[in-house]
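Please read this report with the structure open beside you.

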Amino acid sequence: MVNLIVNPTSGVKTEISVPGDKSISHRAVMIGALANGDTVINGFLTGADCQATIKCFRKMGIEVQIGNDQIIVKGKGLKGLKEAKEALDVGNSGTTMRLMLGILAGQNFTSQINGDSSIQKRPMMRVVGPLREMGASISGQVRGENVYAPLKIIGGKLSPIKYGLPIASAQVKSAILLAGLFAEGKTTVIEKNQARDHTERMLSYFGANIQVVGLESWVLGQKEFSGAEIHVPGDISSAAYFIVQGLIVPNSEILIRNVGVNPTRTGILDVLHRMGADIQVLDETILSEEPRANILIKTSKLKGVKIEGAIIPRIIDEIPIIAVAATQAEGVTEIRGAKELRVKESDRIATVSSELRKLGANIKELDDGMIIEGPTKLKGTTVKSYGDHRIAMAMAIAGLVAEGQTVVEDTDCIETSFPGFGERLGNCCIVDPQYQFNNEKDFNET
Ligand code: S3P
């Protein structure tokens, strides 16, 4: 097991970049595989989750060439995938599994899909339900009202649907839109609160027939599209750890270059601004339909805020690190309407609360969120990740402002989204010597 040993620090003045956006990297491989011709991806996230997506598509006959700075996906069009000889393995990646279900449902072959023990606990009915409405035949492990991996998908003819999303989830929305690429006619999804829209932007960029009007998106199926060049910006969900580092570590100034600032993802900036953060978004540009900018962060005196409603899907992956910021803010921060956190890589309401409490935070767990009262002088101790990358990284940042040493146990999971995270923290973080980056080796395996 790999641990991070974190010591308190101050005066962090640095300029960094963070690895490519995970959501965009997954989609670039998937949509590139379904396009005709080459898709060139710059800035691809080489983390384990996106490697799992590449491996799944390779198993279905798609050639993916890995260069130093670029990945080339040799797309074969909407009818180009082949039956895999063995089960597709998504590892720890919920996005790979849920989005691929939409694609596999529309094939003329049968697939089996599975993942690690955490994936096998994540609810799949949210995707399987609407796909069944489209005519898909998907079976899995039924427990109560839900269904779990391993799953078997007998691909076939799909019919378009008009689907109102009961939960704000980009994974569900994307799975339906991707299935819609294979259905004859117009598949529509309607959201209550907008979740990340990378699928819609990328399909439009590739020339698929997709329209988005307000909270309604529709795709016209069975229309081929061509490969394209994608520039993946840095992942704001990874930048979030260094944004909070810059805010809470005394006398710091951090510039993070080339961060994706798609408005469906920038809720963290809105929340932190309301908390009184000195964060500037500079030099914004748009490339391959996705905005990106440099972000300058200066240490700030934060205050507690109430966080609920439409912003929740825009901060869903950032809530653990927002909770860390809240421990250093004056007053009460209340997060509500975030029950979805309970079905992420870990039950993040429970895991954030228990680990921050170990560090001395004043935090109360709610059914759908948490209440944090600050500021608290945290005290270093041993905490664990529960195999969840976002918990591991959030606790490491908390350790930077704790008194004494903090040991974050079981941090191998960080590889899923942020290879090199510990190294980027500099001298105040010792990566356990056993910690190895096998990333490149794994990545080039066919
Ligand atoms: C993602 C959507 C979100 C997010 C996940 C990535 C995506 O999940 O938590 O890390 O790439 O579509 P939900 O759609 O389940 O909220």
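## Terms and model

Contact means that heavy atoms lie within 4.5 Å. This is a predicted model, in which local features need pLDDT of at least 70, side-chain atom pairs count only at pLDDT 80 or more, and totals for chains, interfaces and linings use all residues. Residues are numbered from 1 along each chain as its sequence is written, and side-chain values use heavy atoms, with hydrogens and water left out.

## Arg27

Leaving aside neighbours within four places in sequence, Arg27 is in contact with Gly32, Thr95, Leu99, Ala170, Ser174, His198, Thr199 and Met202. Arg27 lies in helix H1. Helices (H or I, at least four residues) and strands (E, at least two) are DSSP runs, numbered from the N terminus.

Arg27 counts as buried because its relative accessibility is 2%. Buried means under 20% relative accessible area, exposed over 50%, and partly exposed in between, with a 1.4 Å probe and protein chains only. A polar atom of the Arg27 side chain lies 3.1 Å from the backbone oxygen of Ser23.

## The largest pocket

The largest pocket holds about 560 Å³ of space. Of the 41 residues that line it, the closest to its centre are Ala168, Ser169, Ala170, Ile316 and Lys344. Helices H1 (22-34), H3 (94-105), H5 (170-180) and H11 each give two or more residues to the lining. On a 1 Å grid over the protein atoms alone, a pocket is an open set of points with protein on both sides within 12 Å along at least five of seven lines; a cavity is a set where a 1.4 Å probe fits but cannot get out; lining residues have an atom within 4 Å of a point. Grid points are joined across faces, edges and corners, and a volume is the space filled by probe spheres set on the points.

The pocket lining divides into 11 nonpolar, 12 polar and 18 charged residues. Here Ala, Val, Leu, Ile, Met, Phe, Trp, Tyr, Cys and Pro count as nonpolar, Asp, Glu, Lys and Arg as charged, and the others, Gly among them, as polar. An unreviewed UniProt entry places "binding site" at Lys22, Ser23, Arg27, Ser169, Gln171, Asp317 and Lys344. The lining of the largest pocket takes in Lys22, Ser23, Arg27, Ser169, Gln171, Asp317 and Lys344 from this set. UniProt positions follow the numbering used here, with feature names shortened, and annotations may be inferred rather than shown by experiment.

## Asp317

For "active site", the unreviewed UniProt entry lists Asp317. Asp317 sits in the loop between strand E18 (306-307) and helix H9 (319-327). Asp317 counts as buried because its relative accessibility is 11%.

Not counting residues up to four places away in sequence, Asp317 touches Arg196, Ser237, Tyr241, Lys344, Arg348 and Arg390. The side chains of Asp317 and Arg196 make a polar contact (3.1 Å). A polar contact is a pair of N or O atoms within 3.5 Å; within protein, one must be able to donate a hydrogen and the other to accept it, and residues adjacent in sequence count only if both atoms are side-chain atoms.

H5 is largely enclosed by the rest of the structure, because 11 of its 11 residues are buried. Ser169 caps the N-terminal end of H5, with a side-chain oxygen 3.3 Å from the backbone nitrogen of Gln171.

In H10 (residues 348-358), the buried residues include Arg348, Ile349 and Leu356. What covers the buried residues of H10 includes H9 and helix H11 (389-400).

## The cavity

There is one cavity of 30 Å³ or more. The lining of the largest cavity includes Asp21, Ile24 and His198.
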